[in-house]
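Please take a moment to look over the sequence and the fold before reading on. The paragraphs below go from the whole chain to single strands, helices and residues.

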Amino acid sequence: MVTLYDGGAYLVNGTELIPDTGDALAAIESMTGVKTTREEAARGTMAYGILSAHNTASDMENLKIRFDKLTSHDITFVGILQTARASGLERFPVPYVLTNCHNSLCAVGGTINEDDHVFGLSCAKKYGGIYVPPHQAVIHQFAREMLAAGGAMILGSDSHTRYGALGTMAVGEGGPEIVKQLLEQTYDIPMPGVVAVHLTGKPEKGVGPQDIALAIIGAVFGNGYVNNKVMEFVGDGIDNLSVDYRIGVDVMTTETTCLSSIWRTDGAVKEFYDIHGRSADYKELNPAQVAYYDGVVEVDLSQVKPMIAMPFHPSNTYTIEELNANLEDILRDVEKKALVSLDNNKIDFCLTDKIKNGKLYVEQGVIAGCAGGGYENLCDAADILRGKTIGADEFSLSVYPASQPVFMELVKNGRIADLMATGATVRTAFCGPCFGAGDVPSNKGLSIRHSTRNFPNREGSKVTSGQIASVALMDARSIAATAANQGYLTAATDLDVEFTKPKYFFDRSIYENRVYDGTGKADPSVEIKFGPNIVDWPQMQALTDHVLLKVVSMIHDPVTTTDELIPSGETSSYRSNPLGLAEFTLSRKDPAYVGKAKEVQKVEKARIAGTDIYAEDEKLSEIYDTIKQQFDVTPEETEVGSVIFAVKPGDGSAREQAASCQRVLGGMANIAREYATKRYRSNLINWGMLPFVFEGELPFEKEDYIFVKDIRHAIETKNDSIQAYVVNKGMKEMELHLGNLTEDEREIILKGCLINYNRK
């Protein structure tokens with residue numbers, strides 16, 4: 001089904017893979033007459049060509065990328081615009097789209113959701129942007145329909161910014177990276193590795209894009225095979241996939257922790273652009289005659305079966321056939337694994353009670369968002385359900401078309417009526433079910449979803465309040481098959497269905513009638529409209545010579561998601577109020593964190609004010625006495641902040657709030673074994689936090705103080721090996737590392753945050 005190469009390989013003529021062995025280059029020359037080197041062949045990937053065209057640096061080792069277009073949604077754009085405004089923003093230098101697909105319901109917090117939308121529209125007018133009103137489209141569907149272009153690059157403040165199937169290299173990052181582009185700065189990264197995803201064969205009838213995606217995620221997530229690399233889709237199997245199908249696979253590449261993705265393009269992609277009235281944006285993309293890849297993910301599409309990702313991660317994958325055949329054993333294993341994610345809370349989490357009459361019964365199905373709400377997914381689901389009923393028991397089915405144009409075409413061709421006739425409900429374009437702000441299951445409920453993630457509490461339940469529900473990811477076709485079986489888990493391949501595949505017609509007038517497009521038409525006279533919840537970022541201080549860090553939280557889970565660092569769902573109503581949102585930091589993982597961080601912050605505020613820091617923390621006198629036995633330092637030159645330890649933090653969402661919420665509470669650093677994604681580490685840096693890495697047995701515990709001497713000098717002199725001391729342990733020495741930092745990243749940390757770095 002999915003096979004990983006142990007090393008690199010050469011792709012010859014776009015079809016034949018030759019492993020990178022000693023005689024590989026000689027064999028290639030014999031086959032093609034082309035004499036090459038590994039380095040030269042590495043320049044033959046599609047990814048290299050696109051990155052080269054967007055790189056402003058003098059070499060291709062350390063890239064400085066300028067993107068063609070930018071996108072944000074209403075959980076992120078207020079903070080981004082406030083940061084950019086504080087940094088001297090005058091106009092948007094490239095097309096920048098503000099969509100309103102996350103907090104569209106305005107169901108929590110009074111006027112504040114709609115206040116943010118009004119703020120976004122006024123900023124689009126003032127700075128020359130594009131504003132997509134609520135319910136028109138989810139961010140990524142709008143980008144596919146209106147922004148993507150062959151050979152282009154798009155940066156979005158959402159982790160699922162992926163348009164590779166359309167020939168666009170897209171990257172999801174934290175908000176500060178958007179700010180840099182708005183200020184005409186660059187996205188600075190080392191040249192990423194490129195891994196070929198070689199597709200062969202044709203999917204079995206009833207197997208959908210989510211099945212392919214989950215099979216790949218299950219094979220590569222745990223071993224980090226594509227971590228921070230570009231996934232380049234090649235092979236003749238692509239010819240057997242519709243563009244909608246390719247998009248459905250592509251959007252889920254985020255869950256592999258890759259940096260970006262790109263696909264070979266063909267006549268089917270050209271037709272997509274033709275349908276959307278943007279024929280000029282099509283570009284044929286292919287690897288060179290000989291292209292070198294750092295690894296290969298070999299996928300035989302014909303061998304992929306309907307898949308399910310069990311709670312609580314997209315990589316926790318099984319075939320539905322395997323699950324049904326070993327139901328009780330697998331469910332018990334999932335329950336056992338879940339104890340880690342649930343941090344062994346006293347929660348009665350059980351899945352084996354879902355077994356009814358020897359089958360798995362689920363209470364809810366959802367087909368939604370950038371992954372599930374596509375036209376072809378919903379047409380196939382309608383074909384499976386036509387003439388059937390989902391029943392009048394606990395099971396429910398909700399469907400969210402990804403955009404109004406998709407919704408309208410489904411209405412015109414009757415598929416919406418087919419779905420509604422079964423008992424399913426159809427909603428407007430909204431990302432809520434994907435991050436816990438819509439269709440929250442009942443306590444102990446199990447939901448199957450064609451969406452992007454199934455992290456703990458991602459569906460909206462709150463473990464700290466004694467609630468637990470869970471999500472399993474599946475393809476729309478198997479969700480429809482399960483709905484046709486009234487909630488009993490069923491693979492789509494178990495049903496004999498004739499898929500009608502109606503042609504898609506795109507109606508551009510929907511956007512022309514509602515979307516504000518001010519690209520290139522900035523109007524400085526426009527007054528920005530502020531709601532009472534829109535609050536400026538608090539002032540942040542430059543880095544001092546030394547830092548004293550108090551460990552206020554320690555997370556020993558193998559991976560910590562950004563949802564666990566700052567929950568999504570109802571908390572996102574406060575996303576425009578940095579201090580209000582910060583009250584929810586780690587609330588689902590360590591409820592004591594906020595109070596502990598604030599205690600440390602009081603000390604730092606006293607230090608800045610020149611008042612008695614020891615009055616805020618009596619233990620500090622003892623701490624400084626211990627430090628002064630070895631070093632002549634004073635509190636005046638030593639910033640005091642909190643630090644959290646996590647094994648591998650930052651998997652999942654690109655939301656900068658995972659870092660900024662720590663920062664506004666006085667957070668100074670993270671200490672990790674490694675960072676799950678580049679985007680989380682970038683968020684830490686852009687908010688002036690130290691992204692420490694530590695190897696070996698942990699010498700510190702919660703509540704310990706860690707003194708880092710001469711940290712400012714270490715950053716200025718590019719010293720990666722940094723000596724620190726656990727003060728409570730008699731100045732026990734430890735070695736921290738910061739990893740590679742660009743010159744700009746060093747300066748951002750030294751100045752305290754990106755706002756300070758850019759402030760004029």
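What follows is a guided walk through this structure.

This is a predicted model, in which local features need pLDDT of at least 70 and side-chain atom pairs count only at pLDDT 80 or more, while totals for chains, interfaces and linings use all residues. Residues are numbered from 1 along each chain as its sequence is written, and side-chain values use heavy atoms, with hydrogens and water left out.

The protein chain holds 28 helices and 34 strands, where helices (H or I, at least four residues) and strands (E, at least two) are DSSP runs numbered from the N terminus. Its radius of gyration is 26 Å, close to the 27 Å that the globule rule gives for 760 residues, so the chain is as compact as a globular protein of that length; the radius is taken over C-alpha atoms, and the rule is 2.2 Å times the number of residues to the power 0.38. Along the principal axes, the C-alpha atoms of the protein chain fill a box of roughly 80 × 65 × 60 Å. Of the 760 residues, 63% count as buried, a word that stands for under 20% relative accessible area, with exposed over 50% and partly exposed in between (1.4 Å probe, protein chains only). Among the contacts in the protein chain with a separation of 6 or more, 76% come from residues 24 or more positions apart, a contact being heavy atoms within 4.5 Å.

Strand β2 is joined to strand β3 (residues 16–19) by four bridges in an antiparallel arrangement, and two strands count as paired if DSSP finds at least two bridges between them. Within this pairing Tyr10 stands opposite Ile18, and in the hairpin of β2 and β3, which has three residues between the strands, Asn13 takes a positive phi near 55°. Strand β2 also pairs with strand β14 (residues 290–293), again in the antiparallel sense over four bridges, and there the bridge partner of Ala9 is Tyr293.

An open sheet of six strands has the order β9-β8-β5-β6-β7-β25, with mixed pairing. Strands β9 (169–172) and β25 (516–517) stand at its edges with a single partner strand each, so one side of each is left without a neighbour in the sheet. Strand β25 pairs with β7 (residues 130–132) in the antiparallel sense over two bridges, and Tyr131 has Tyr516 as its bridge partner there.

Turning to the helices, how many residues of helix α7 (residues 175–182) are buried? Eight of its eight residues are, including Gly175, Pro176 and Leu182, and just after α7, Glu184 takes a positive phi of about 65°.

Ile216 has its place in helix α8 (residues 209–220) and counts as buried at 3% relative accessibility. Leaving aside residues up to four places away in sequence, Ile216 touches Val2, Val197, Met231, Phe233, Val297 and Val299. The C-alpha atoms of Ile216 and Thr317, which are 101 residues apart along the chain, are separated by 9.7 Å.

Gln662, found in helix α24 (residues 657–664), is buried with a relative accessible area of 2%. With residues up to four places away in sequence again not counted, Gln662 touches several residues, among them Leu565, Thr585, Tyr593, Asn670 and Met689.
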